[in-house]
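Thanks for coming, everyone. I'll take you through one model this morning, element by element. Have a look first, then we'll start.

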Amino acid sequence: MNSRDTEHIIAELNTHNNYTQTTDPKDADLIIINTCSVREKPVAKLFSELGQFNKIKKTGAKIGVCGCTASHLGDEIIKRASYVDFVVGARNISKISKAVETKGSVEIDINHDETNYDFSEFRSSLYKANINISLGCDKQCTFCIVPATRGDEISIPAEIILNEARKSAASGMKEIFLLGQNVNNYGKYFSSDTEKYDFTKLLQEISKIDGIERIRFTSPHPLHMDDAFIEEFATNPKICKSIHVPLQSGSTKILKDMKRGYTKEWFLKVCDKIKAKVPNVRISTDIIVAFPGETDQDFRDTLDVVNQVKFDQIFNFKYSPRPNTPAANLEQIDSELGTSRLNELIELHKTHQDYHMDKLVGQIHKVYFEDLKPNGEIMGFSDNGMQVFVDGSEELLGQIVDVKITQNTRTSVKGVVIK
Ligand code: 5AD
Ligand code: SF4
């Protein structure tokens, strides 16, 4: 979502303020840091990066801070780093053109409604289009700062999304990546009178667009994986067969304390259903270890789910207390214990990763090539979300071709083009 926000920032500044991009911050008239605040580390990094940019910037160059940390800290950023010219929070990007011209401006209304705003065009990829489908989040997970930085959930009208998708397809992009905090809750809240689609219908309508061959989305919430959605995911050939199913914890007690709304057994059932309907599916997840109150048995429950589902990819996090979230006030777990649990989880996952990736060698997958690497390799993704490298010519870029997998390099694979 931050990548798409950055594209919107660039688009607005290109179109309305005549800025162009430079690769060297020393040349820049304007430096913007787009920030995350989901864990504490990136927030701490912000101030050291700001200091670095302030040292090297051209005389008179402006510095701005955007994104979730902008929403969260607001004018405190300018108080701590007085050389910062403006602060524009997540979902206030439509105000960026004005903010860059207004020294000291702080735009952080977390419920600002940009669902009908006509952003200017800029895409960093020639091959796939990121498209926002909703803003904010309607959940209140007790560890999470996002509802306080990205506000209430509102869906973007389907017609705006479909237009973006049609335009992208017309410019030659074969892949659409739908973005939202809870994509499969799409259609619950609209701020204008618009045709009411749910996520399944949105997927169906996007897949009717000529030229679009692949549809991906992130993040879905396990709670909203109803049978109609799973059926559409399984049977629509344009929907890529990789899915993120964020677990967070395998312990029903911790899930309750996190306010996730499901139990261990319920989560396992959802994964079983998906696997039964989509044999080649790749499932990724997010897991937080050392949430306050997590006992050894709770952690074993998490490992048990990991062992049963055998995720293809896990984004592991040690719990990080976030300001003004309910869990931050609970008694915290010893940091070293958290680190050792994290390491145990990582080691277990490696065995599953090898199990999945070794099986791929010899298989043939359709790969959409999108990047030429400095070492001459061409990189792309298989339908089910595996990163694949081949030796080949630049002509492969933008093509979907069959590749035979020849080698497992653990987080990616190597292969040869067979057609
Ligand atoms: N501490 C650690 N991880 C967190 N996440 C969200 N909030 C926290 C936190 N306070 C993780 C969740 C979420 C992912 C984007 O970041 O796993 O799914
Ligand atoms: Fe945060 Fe939970 Fe919303 Fe995800 S669903 S953004 S974890 S509050």
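Start with helix α13, residues 335-360. It lies across β13 (364-372), β16 (400-408) and β17 (413-417). Against β16, helix α13 runs at about 120°. Some terms. Contact means heavy atoms within 4.5 Å. Helices (H or I, at least four residues) and strands (E, at least two) are DSSP runs, numbered from the N terminus. Axes are lines fitted to C-alpha atoms, for helices over the stretch in contact, and angles run from 0 to 180 degrees between N-to-C directions.

Two housekeeping points. This is a predicted model, so local features need pLDDT of at least 70 and side-chain atom pairs count only at pLDDT 80 or more, while totals for chains, interfaces and linings use all residues. Residues are numbered from 1 along each chain as its sequence is written, chains are lettered from A and ligands numbered from 1 in the order in which they are written, and side-chain values use heavy atoms, with hydrogens and water left out.

Now the sheet. Five strands form a closed barrel, in the order β13-β14-β15-β17-β16, and the pairing is mixed. Neighbouring strands of this sheet are turned by 55° against each other on average, direction ignored. Pairing here needs at least two bridges between two strands, as found by DSSP. Take β14 (residues 377-382) and β15 (residues 387-391): they run antiparallel, joined by five bridges.

Next, charges. How many salt bridges does the structure hold? There are 31 salt bridges. The criterion is a side-chain nitrogen of Lys or Arg within 4 Å of a carboxyl oxygen of Asp or Glu. Here are some of them.

K58 and D29 meet through their side chains at 2.8 Å, N to O. This pair links distant parts of the chain, 29 residues apart. K58 sits in the loop between α2 (40-56) and β2 (62-67), D29 in the loop between α1 (2-17) and β1 (30-35). Both ends are partly exposed: K58 has a relative accessible area of 33%, and D29 has 44%. For the cut-offs, buried means under 20% relative accessible area, exposed over 50%, partly exposed in between (1.4 Å probe, protein chains only).

K277 and E231 form another salt bridge, at 2.7 Å, N to O. K277 belongs to helix α11 (residues 264-277) and E231 to helix α9 (residues 227-235), 46 residues apart. K277 is partly exposed at 45%. E231 is partly exposed at 35%.

Then E205 and K208, a salt bridge of 2.8 Å, N to O. Buried or exposed: which is E205? E205 is buried, at 17%. K208 counts as exposed, at 58%. There is also a network of salt bridges, linking R4, E7, R123 and E164.

On to a buried serine. S134 is in strand β6 (residues 134-135). Its relative accessibility is 2%, so S134 counts as buried. What does S134 touch, leaving out residues up to four places away in sequence? The contacts are M1, I154, S155, I156, L179, G180 and Q181.

Last, the second largest pocket. Its space is about 580 Å³. The lining has 21 residues, with Q21, T22, L30, I31 and I32 nearest the centre. α1 and β1 each supply at least two residues of that lining. On a 1 Å grid over the protein atoms alone, a pocket is an open set of points where a 1.4 Å probe fits, with protein on both sides within 12 Å along at least five of seven lines; lining residues have an atom within 4 Å of a point. Points are joined across faces, edges and corners, and the volume is the space filled by probe spheres set on them.
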